Amino acid sequence: NQSENKENKIMDEKQLIKIKESKFYELTGWLIKWGYKVVDRTRENKITDIQFQAEISPILPYSSGLSTPLYLEFQNDLDDGFIIRTTFELDKEMETYLINQKKGKETELIYLEIEQLVLPLKISILRSHPVINFYKVIFYDNLNKQFFNDSFNDLVNSMSLAIGRWSQENY
């Protein structure tokens, strides 16, 4: 009976991986149709908890000229969903300026402003100065193209808002 349970569990895990793989290729296919450059990074990925990963380049560079990639990831601990994410990193010039000006309080206020701008987009934020990670967890029960497209655009827009807000400090 125990060996049957182990076999069932292994079969369930294999089935789950197949479902995730199928959904991964469906979503990356949508992104490609919409004009994004998509690179499957699953094989190069070094993070053991990530089963499938695609790197997506924004269609247009951000206002600053950056083309920071976005990622679509299926992870081990998320059975019925996936994550879309991107990372904003302060450039060295800006970081040096803030350190030299001893602008700790101002820096914190800028982070809070960025959160206020981004949270209505339903994008989550993890801060680890000088990096801000923007991400959204999406469950694929009843997922449709419109919701995925809107979520992806919200992630791109959150990056634009962060870049725009930090750019104001340079002027």
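Colleague: How do you know that strand β3 and β4 are joined, and in which sense do they run?

Modeller: Strand β3 (residues 70-75) is joined to β4 by 4 bridges and the two run antiparallel; since two strands pair if DSSP finds at least two bridges between them, they count as paired. In one of these bridges, leucine 72 has isoleucine 84 in β4 as its partner. Please keep in mind that this is a predicted model, in which local features need pLDDT of at least 70, side-chain atom pairs count only at pLDDT 80 or more, and totals for chains, interfaces and linings use all residues. Residues are numbered from 1 along each chain as its sequence is written, and side-chain values use heavy atoms, with hydrogens and water left out.

Colleague: Why is threonine 86 called buried?

Modeller: Threonine 86, which lies in strand β4 (residues 81-89), has 1% relative accessibility and therefore counts as buried, a word that means under 20% relative accessible area (1.4 Å probe, protein chains only).

Colleague: What does threonine 86 touch?

Modeller: Not counting residues up to four places away in sequence, threonine 86 touches residues including Pro69, Ile132 and Met159, where contact means heavy atoms within 4.5 Å.

Colleague: What makes β1 and β5 edge strands?

Modeller: The open sheet has 6 strands in the order β1-β2-β3-β4-β6-β5, with antiparallel pairing. β1 (37-40) and β5 (124-128) each have a single partner strand, so one side of each is left without a neighbour in the sheet.

Terms used
Buried < 20%, exposed > 50% of the residue type's maximum accessible area, 1.4 Å probe, protein only.
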